[in-house]
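Please look over the sequence and the model shown here.

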Amino acid sequence: MARVVYEHVTKRYGDVIAVNDLTLEIEDKEFLVLVGPSGCGKSTAIRLLAGLEPMTEGKIYIGDRLVNDVPAKDRDVAMVFQSYALYPHMSVYDNMAFGLKMRGTPKDETHRRVLEAAGALEIESLLKRKPAQLSGGQRQRVALGRAIVREPLVFLFDEPLSNLDAKLRVQTRAELSKLHQRLQTTFIYVTHDQVEAMTMASRIAVLKDGLLHQVGTPEDLYFRPDNVFVASFIGSPSMNFMPGTLKGTAEEITLDAGALQIRLPAERSRQLVPHVDTQVTIGIRPEDIHDPDFLPAHVRGYPIRARVDITEMMGNEKFLHLIIGAQPLLARVDPRTKARAGLEVGLTVDIDRLHVFDAATQAALAKIEIPE
Amino acid sequence: MGNIGRRLLRNIISEQAAAVLLIIPSLVAVGVFVYGFIGWSAVVSVSEWDTVRPDYTFVGLDNFRDLFHNFRFQIDIRNTVVFTVLFVGSCLVIGFVLASLLDRHIVGEGLFRSIYLFPMAVSFIVTGVVWRWLLAPRAGVNILSSKIGAPSLGYGWYTDPSVTYIHADSRLGEALHTIGLGFFADPNFGLPLAMISVVIAATWQMSGFVMVMYLAGLRAIPEELRDAARVDGASEMQILRNISLPLLRPVTLSAIIILGHQSLKIFDLVISMTRRGPGFATDVPALFMFETTFQGNHFSHGAGISIVMLVAVSVLVIPYLFWSLRREARL
Amino acid sequence: MTIRWSRIAIYAVLILFALIYLMPIYVLLVTGFKSFGEVRLDQMWDLPSGFHYDSFREAYWALDSNLANSFKMVIPATIFSCMLGSINGYVLTKWRFPGSDVLFFLLLYGMFIPYQSVLIPLVKTLQMLHVYGSLWGLVVTHVVYGIPITTLIFRNYYANIPTELVEAAKIDGASIFGIYRRIVFPLSLPGFVVVAIWQFTSIWNDFLFAVTVTSNPAIQPATVALNNMAGSFIVEWNVQMAGALIAALPTLVVYIVLGRFFVRGLMAGALSSS
């Protein structure tokens, strides 16, 4: 069993709190991604797990074992570092064999495991070379190989794709997902890139300033963000936000955003009744604003009017930079749209995909349903 | 070539000419005072100049033959080897130990570093004078132990004429004899105990330098490498042995060359601390050269010694310079 | 709690070594400040009863002209050394010409040679130039043999000045020396400090050249005078110690005040990539 549990883990550096009371349970064989902007504590969190830094408070369990006082070398985790951290004076083979050698693994066993991992990663031809003679992508594979060979309880990844070029990154993402399937071991992966998180994770944990904001599946986070930060962080281009107030009655709630007024259908009105007259932040994703001429079948729309500031042709879609009153909005619409810069156009907002957040607490007030 | 081309070429040539002109004085000076003089010394070393009046009669390699048969010179060679091995060895070990200790977020690191390094700021003469008294048999370190209630040490330090060597009738001596290296079991290949005092003084002076070099080397190793090793399962000791030390090889090499070439020509320290010592126990080629040339007026012999010293240093230094400059070019 | 113990052990070792390194200074100071009556070999480690200056007075009286000689020699030598090193370093880094690397190699070799191998010709040459036995002879000697190390330090320093600066000046029409005067020299201050400190220390501490080139005790620098004093049977050992301290003082003061730059010179001399 290799589930990982963080229990009220805090890490302080003097006055700075890097990780703030983190409680998180990671299931065995999960692919959990820790995501957040720089400085949110995600790297610190896995370094605490690896034993590279001591905790200020809290407990960490690997499997069922409390590892607070266990030194890094005995925790049986493997880590892939952002800059790979390959030992420059050793060959690829020795790099991969190093961990096994330090634990006294017999030579033939080591040899077998290294060759197996090298084969799986297609780096057998590189075994005699030194890291300086390898390309970035090759080095990354060696770093992976070094981790795989250890057959650890948990794999840790600290932004391993940041040093790769875009094309290699896409390719490696897929390979990492496949690797995870094959190895059937817990992966804990740190990145600042929400695309990596969304594409690879079984669950995502969003952190900011040392605090855990939400943990859930990619669908959870995309459709049902707990607060404004998660809503803005997940999804690219990010969600549009407008300030407004809730007006109306149980029968019909209106989102009053000044120049924009949206009446909500019955079920959602009922959800929001307790919060009438509250200041809210309304969220709508660019992909949920449609050109009415090209409205997808399932969408329940609400008409709005806006002026188009500029358009950007993306090929498979068009970005419309809109202004309503003084409020800017971004919409992603069908590329055949007739909207042009300077025109006033009519658009349809997917009423089932509107998000409402309390302006003061930033928390979600009523969540939408995840589509089948 | 058009006008512009010609002007450009002239500019380039005049630039380069100006560059050469600016450094010509230095080049000439070094050319004469280093290379010219070395040649001159070489000429003297194969001459018959034995008195105050120069005499450049060519005598081939006679002087060198005499030198290597000279009892004092043979001892000098032995002493130099012993001194070099002990001095370089202790500096490397102490320098490395201090550097690896200091590399651990030590409060007052700057102060410790300054203390270990300050002997380098002082002349070898000062060092020699002080340590002569610190290691004097009836004073200094010998009586220090009595301060803490223990009996005084009775070491002779640099007054001790004895030489430890492998005796021919010992087990090791006989083993050497069977593989044809029996001549090693001789005082000529032994360790003059008095030399240890000089080693102590010299190590005191120079180990700070090695420490600084190792500290810089250790700091150049990215912490991520050590983190990776920790996660891989290595203890701190294993990290030191398998990661840090191998990566410090260039530093070790530089230290060996720099200390080594200094120990081959050591003079100031010996002349102020022990001079030639009992039975030439602390005599060194540089001292021999100085006495024989400026006090005995045997210029040709002195030049001979200096050429031998030069060759020894060159064997050490020239490959190192090649290696070092090529490394720089590659970086 | 095992972690705490290893920290304590580390500090213990460091402090122990620090005491060993400071031991000679302790003895020097303690001996120097003792009155003549208190000075006894078997009481070497005892603290003096107060601050007595007898030893220092005697030592200073014996050494004062030699100290002056040292200063008179070291200061011009250092200045000329620095200037030459700077120009050479500048030319070798910013104005590459065919063979400049070979020249640099040949220059560096001069740094490592045992000076015994040039002593005899040096003496003869200085005699020919009529500067043998004078402080100027020593100055010339130190300036010439200091060229390799000063050039090396400046070369490493100038390698860090972007070549674009020089190229921009070239395009603006400046001559090779003009660029030096207007751009490179003003940026050289840290380099000069490092080289000056290094040369000051090396030249002040030198013995071999000093004892070879000067023979008259009135002209000799402090290191030679100290050695003579230490070798004599007349001078009391406490005066020798006081003399050693006085002779070491200038370079020690430089080290204490400007130690940072001293280390930089050290590292450059070690040819390790900075």
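**A strand pair in chain A**

In chain A of this predicted model, strand S20 (residues 355-358) and S21 run antiparallel and are joined by two bridges, strands being DSSP runs of E of at least two residues, numbered from the N terminus, and pairing being counted if DSSP finds at least two bridges between two strands. A:Val356 has A:Ala366 of S21(A) opposite it.

The model being predicted, local features need pLDDT of at least 70 and side-chain atom pairs count only at pLDDT 80 or more, while totals for chains, interfaces and linings use all residues. Residues are numbered from 1 along each chain as its sequence is written, and chains are lettered from A and ligands numbered from 1 in the order in which they are written.

**The sheet around the pair**

**Chain A overall**

Chain A has nine helices and 21 strands, where helices are DSSP runs of H or I of at least four residues. Of its 372 residues, 40% count as buried, that is, with 20 or more other C-beta atoms, placed from the backbone, within 10 Å of their own. The C-alpha atoms of chain A fill a box of roughly 75 × 45 × 40 Å, taken along the principal axes.

**Domains of chain C**

For chain C, the domain assignment, which is an automatic or database one, gives domain 1 (1-52) and domain 2 (60-269). The C-alpha centres of these two domains of chain C lie 33 Å apart.

Technical notes. Buried ≥ 20, exposed ≤ 12 C-beta atoms within 10 Å, placed from the backbone.
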